[in-house]
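Good morning. I will talk about nonpolar cores and aromatic rings, and I will keep it brief.

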Amino acid sequence: MKSLRYQLLLRMIKILNIMLLTVPFAVCWFGYYGRKLYPSFYDYGNGAVVALFVLFYIVFARIYDAFLISQYRISELIYSQILAVAISDSFMFLVIWLLMKQIPNIFPGIGILGVQCILIVIWSVLSHRWYFHTFEPKRSAIIYDSKRGIENLIYEYGLDKKFDIKEILFVDHCLNNLEILDGLEVVFLSDLHSHERNIILKYCVEHSICTYVIPRIGDVIMSGAARMHLFHLPMLRVGRYSPKPEYLFFKRIFDLVIAGIAVVVLSPIMLVTAVAIKLYDHGPVFYKQTRLTKDGQEFNILKFRSMCIDAETNGIARLSTGENDSRITPVGRIIRKYRIDELPQLFNILKGSMTIVGPRPERPKIAAQYEQVLPEFRLRLQVKAGLTGYAQVYGKYNTTPYDKLQMDLMYIAHPSILEDFQICFATLKILFLPESTEGVAEDQITAMKADQMRGFHNVISEIAVTDLKDENEITDTGT
């Protein structure tokens, strides 16, 4: 009963957030915008407008995880909620524009956004403090096989207030003494093989222990299995990516519409960027680079040049080490920070070699190097490469290929237009997060780390002697 009472209190806190942010909008609507309509709405009409704002805010708050008090820092809560409410207000401004049949005065809208931001800060600080004062850290354990370091991530992300790590156990030690888990509330299973994992998982379920599982590649593939009955037996059908034709049709329409609108709307930014790059060193504005898309087909990706012309004079292809990379030009630092260098890929999307949402397109030879120690890496090529994607949104620039593969397979396992929309809006959130563009270490060439997966150090040494080409082989496609 105590747990249920706390859960109800937590939901009431979240409902309070929705009410607090709705009040300024409602006051502005009833006191200003609603009065500008002729004829004016009656009660039901006014209520529908306010309800529409609530709907927008709930949807975007869920997309940006704006209610995760227990998992986010205060700053992350504030950022997520401000983004959600700003987009909600923007959509409502468009609705009001349509209702009034003329451009409404924007300043009242800016005013209510300011009030909402103040309320968000107050709510985030108080609710965060209330939660960790009310809920004690959960007694937790980490069980690992080959992948350690979860305890470091818990402290790095400030989750030590939620999880009190009592034990860090090797899987064999745990299997020999499952009773060691008694009295715990949470168990993390880090990269265990299915047999050992299932034994521990069943024990945890039986003893009401919440379990967080870091999956293996096979687990992610199985997550997309279709349930069916055959021979009077329950079965799971697993196969290669094979979406419904109507999904592919609407996805292509979605690509054409979004990319076409984006090219028109963002053309001033692209023009200014092109001029700035040309004026800085008089070099080419764009560069082309061979990448992989669906079924391993090669295509030339188009980007704004962000590095100096002789970025790789030694002929070795390497990822950026981040904002301190000396090869990046001053113009390049700005356009990379806000992803402006990616905008020419909209023309790849219109051409059909890319899609809006999909796995990041890799370079053929680097992908081949990855596949030497991770053959499953080619499973990403079941779908077209994307401008944004699950791994791009929920990972980072230097996320390991193994983790990127798992995130991409999660997307491939459940194709839907709704998921594409959600990833598109979630992309807005990462544009201003520095960790999403965090580079690799200076002694790294790819996103692989020798201490993260067995055999990766051999791959890195092989990459160091390849003759891959990057921005030092720029194809001047225009100025």
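A residue is called buried under 20% relative accessible area, exposed over 50%, and partly exposed in between, with a 1.4 Å probe and protein chains only. This is a predicted model, in which local features need pLDDT of at least 70 and side-chain atom pairs count only at pLDDT 80 or more, while totals for chains, interfaces and linings use all residues. Residues are numbered from 1 along each chain as its sequence is written, and side-chain values use heavy atoms, leaving out hydrogens and water.

Start with phenylalanine 60, which counts as buried because its relative accessibility is 4%. Phenylalanine 425, at 23%, counts as partly exposed.

How many aromatic pairs does the structure hold? There are 20 aromatic pairs; rings of Phe, Tyr and Trp (its six-membered ring) pair if their centres lie within 6.5 Å, and planes under 30 degrees apart count as stacked, over 60 as edge-to-face and the rest as tilted. For phenylalanine 60 and phenylalanine 425, the centres are 4.9 Å apart and the planes at 75°, so this pair is edge-to-face. Tyrosine 370 and phenylalanine 377 also form an edge-to-face pair, because their centres are 5.1 Å apart and their planes at 75°. Both tyrosine 370 and phenylalanine 377 are buried. One aromatic cluster is formed by Phe25, Phe53, Tyr57 and Phe67.

Now the cores. A nonpolar core is a set of buried Ala, Val, Leu, Ile, Met, Phe, Trp, Tyr and Cys residues joined through side-chain atoms within 4.5 Å. The largest has 70 residues, and those touching the most other members include Phe25, Tyr57 and Phe60. A second, separate core has 15 residues, among them Val171 and Leu181.
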